[in-house]
Amino acid sequence: MANNNDITHSKKYNIKNITKSSAFSSFTAALMAIFLGMIFGFIIMLIAAPEKAVAGFRFVLLGGLKRIGDVFYFATPIIMTGLSVGFAFKMGLFNIGASGQYTMGMFFALYVGFMMDLPSGIHWIVAILAGILGGMIWGFIPGVFKALLNVNEVITSIMFNYIGMYLVDMMIQTNETMYISTMARTKYLPQSVQIPSLGIQGSNVNLGIIFAILIGIGLYMVLQKTTFGYELKATGYNKFAAEYAGMRVKTNIIITMVIAGGLAGLGGALAILAPSAIAGSSMTYEPINRIAAAGFNGIAVALLGSSHPIGIIFASIFISHIQRGGTLASLVGYKPEIIDVVIAVIIYFSAFAMIMNAGLARLLMKLVKHDDKVPNNTKGAE
Amino acid sequence: MENYIVEMLNITKKFPGIIANDNITLRLKKGEIHALLGENGAGKSTLMSVLFGLYRPEIGEIRKNGEIVKINNPNDANDLGIGMVHQHFKLVDIFTVLENIILGVEPNTMGFIQKKDARKKVVELSEKYGLRVDPDNLIENITVGMQQRVEILKMLYRDNEILIFDEPTAVLTPQEIKELLQIMKGFAEEGKSILFITHKLNEIMEVADRCTVLRKGKYIGTVDIKDSSKEELSRMMVGRDISFTVQKEKREPGEVVLSVRNLTVQSKNNKNNAVKNVSFDVRAGEIVCLAGIDGNGQTEFVHALTGLQKSTSGNINLMGNDITNASIRQRSINGMSHIPEDRHKHGLVLDYKLEENLVLQRYWEPEFQKGGFIKFDSVRKYSEGLIDKFDIRSGQGPITIARSMSGGNQQKAIIAREIDKKHELLVAVQPTRGLDVGAIEYVHKQLVQRRDEGKAVFLVSLELDEVMNVSDRILVIYEGEIVGELDPKKITVQELGLYMSGAKRDNIKENNNGE
């Protein structure tokens, strides 16, 4: 159910069809998960420090609104990795390698940023494209292994998370143009390669969020409207039937992984090429041998958004929102980790909110049935 | 007052968009075999699921020995002595026969399973009723027929006295069917009561005492078999007269459409060849049937023919094009339509809507896409046409999810899709498997109509009646080889049976090659 296809192409929409559609039930399930997660989070805050809980919780809920720019900035990479995971999942592939693809995307973008001297109008665009390319390569390899040798993509892409991360750390540390060893981070990127800012004061938000949202909508169109999306979902639902219908399942697996990788790679590029709110500085990469968290957050938002591109956009913005709020909760003395607990609970609930949702729907049906005596059964059932 | 062991009174069960059971009453006497007959989607399985506690009815009550009982789950049913052999077996493949039988009621001391007593009981039961099984064999290693015996033993092991058989013969060979019917009779003599769901009228006539007929969710009636006839039952079931013989005119076959030469295909399960050096032709305007007992290489042959599997050697020629190594799409474009054996595995994307399934072979054609974008208006219009033309029934028309449709209508959808597509050769693999007489008549009509339109039809069937009635020419396959090429008008069923069981064979390679 989680990866269900949803929108009826019918023009004969009515409210009954909408409430019955799986997109709607995914949506209500996500809301329920969030609601329960929030309650649980509040309980934890109560236990941790009862007297500060209300103030702290208010920050969690509303704090993000004051940092709306940052909410969008931090949402951008998660949207991309979420789309990457969700897109692959539509084909029945679990792209746990979004982290590695994201890191490769970062590196390719950084490389173009530091090592190539291009006119300022196109430098950042080339860097973004390079990031996409980097991610694509890192998605292509597990895709090929899966398609041609039937090696489980989960295993390959976990391996490639590590390979990618160590490789990038090594290459950055050995590159003097990019790396400042005393600071243990990369240098500031030249202005020409930074993505144009959206101009919100004191925030890093930039054009990237617009790209991410547009790409999400684009993916939605691809999945819903194109023959490729049709093949992709058919393969995800039943690869035997896809094969029987003459679809090139193996090629499609590779293409899907390449696209998924490209999406995550773009996430990396958009994250690293962001302008900094502080003049003269920019985002930096720290080679500290750690797998990028963005990939795993991507899995979480893909789950919360039921692999639906639009759902993923909203899920990412929401997660980013409460993360910002969680940071602010430290103003009243909470550790920011508390918000990670809340997020974890939300994700946890979203996994079985679908089930609770079905129960809720049945309850509603029962309540409604008393008014609705005319059975809805004759049409077409004959 | 008759002695009814189970009564289901005025059962009504609704699903969104459909009333699956509409005020149905079924009374089962002690010690009888009671058949439950109805078309696909008539509500038989729903009714049995209600009795077995899988669904709860909105209206109606169930009585056992005259007392009202509540059955909320299969455990309740089991406590009341009701057991069921499901159409799709519920067995753990990697467990042994014995482990499966005791599953859920494992005899144990302090949590340690005591298999010894269980084994004794199982062996006793299997000897008593002639249900031959090896208790230590793994389920994945035994035949479907044996798996069914395991399911039956499960019921007996639990001392069930009301036995539900949900289309038990659909998966069996003719020999196994005979044995099963004998076993069922034995149970009835023992005083066990049997509910037998089927749509095979011959079997009902052979074993059942009474028969209850459902049609489109409604109760039609209950008849005594000894006062009834096949014709009456089928009329009750379908609501009109059904012809059991296939009407077809004599027709001279035309050009060769499909030509298979020396085809050898490896088995799916081991390294042996499942298909050995097979050669034959199929011409325009004839129905050639590949007959044989299940597991003699039919599946592998069809997979090699349709491109789902690679052949080892030999070649396949369709309309003058060598398609031995062509892709599935290429074969389709060259004029091959394929009604697959397993409609759930290959034939449909069950989570797709009906309309999306109806264009599964054609979505890439200019009629349905432009620049990679699917033309949903055309898809809708096309599928509405097909639904109309082929009388595909479903809850919500084109937007029905295929999974929610009845088996017969799923098959109709596949047939509609494959027949409406441009084709010269129709490969139909067990196209009537699991269908009721009305639907079977429909499928046979469609096949004959293709033939009359001058298409070549290649039919693979396990059903002797179908082989004899529909085909113009019979090829018998035994252990991967064609052992006979027969004319259905000139041979008897018995003779055909001898070929199928390998007791008789012709050397037909020469005259088949000699074009």
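Biologist: How much space lies in the second largest cavity?
Modeller: This is a predicted model. The structure holds four cavities of 30 Å³ or more. For the second largest cavity, the space comes to about 70 Å³.

Biologist: Which helices of chain B each supply at least two residues of its lining?
Modeller: The lining of the second largest cavity includes Gly145(B), Gln148(B), Arg149(B) and Ile152(B). Also in this lining are Glu176(B), Glu179(B), Leu180(B) and Ile183(B). By type, the residues divide into four nonpolar, two polar and three charged. The helices supplying at least two residues each are α5 (144-157) and α6 (174-189) of chain B.

Biologist: And the largest cavity: which element gives the most to its lining?
Modeller: The largest cavity holds about 90 Å³ of space. Among its lining residues are Ile328(B), Arg331(B), Ser332(B), Met336(B) and His338(B). Two elements of chain B supply at least two residues each, α10 (328-333) and β18 (336-339). The top contributor, with three residues, is α10(B).

Biologist: Between which domains of chain B does the largest cavity lie?
Modeller: Chain B is assigned domain 1 (4-238), domain 2 (254-335 + 423-515) and domain 3 (344-421). Two of these give residues to the lining, so the cavity lies between them: domain 2 and domain 3.

Biologist: How many residues of that lining are charged?
Modeller: The lining of the largest cavity includes Arg331(B), Glu418(B) and Lys421(B). Four of the lining residues are nonpolar and four are polar. The charged residues number three.

Biologist: Why do β18 and β24 of chain B each have one side without a neighbour in the sheet?
Modeller: The sheet is open, with six strands in the order β18-β21-β22-β15-β23-β24 (chain B) and mixed pairing. β18 and β24 (481-486) of chain B stand at the edges, so one side of each lacks a neighbour because each has a single partner strand.

Biologist: In what sense do β18(B) and β21(B) pair, parallel or antiparallel?
Modeller: Strands of a sheet pair through backbone hydrogen bonds, in one of two senses. Ile339(B) stands opposite Ala428(B) in β21(B). β18(B) and β21 (residues 425-429) of chain B are joined over four bridges, and the sense is parallel.

Biologist: What distance separates the centres of domain 1 and domain 3 of chain B?
Modeller: Domain 1 of chain B covers 4-238, and domain 3 covers 344-421. Taken over C-alpha atoms, their centres are separated by 34 Å.

Terms used
Residues are numbered from 1 along each chain as its sequence is written. Chains are lettered from A and ligands numbered from 1 in the order in which they are written. This is a predicted model: local features need pLDDT of at least 70, side-chain atom pairs count only at pLDDT 80 or more; totals for chains, interfaces and linings use all residues. Side-chain values use heavy atoms; hydrogens and water are left out. On a 1 Å grid over the protein atoms alone, a cavity is a set of points where a 1.4 Å probe fits but cannot get out, and a pocket is an open set with protein on both sides within 12 Å along at least five of seven lines; lining residues have an atom within 4 Å of a point. Grid points are joined across faces, edges and corners, and a volume is the space filled by probe spheres set on the points. Ala, Val, Leu, Ile, Met, Phe, Trp, Tyr, Cys and Pro count as nonpolar, Asp, Glu, Lys and Arg as charged, and the others, Gly among them, as polar. Domain bounds come from an automatic or database domain assignment. Two strands pair if DSSP finds at least two bridges between them.
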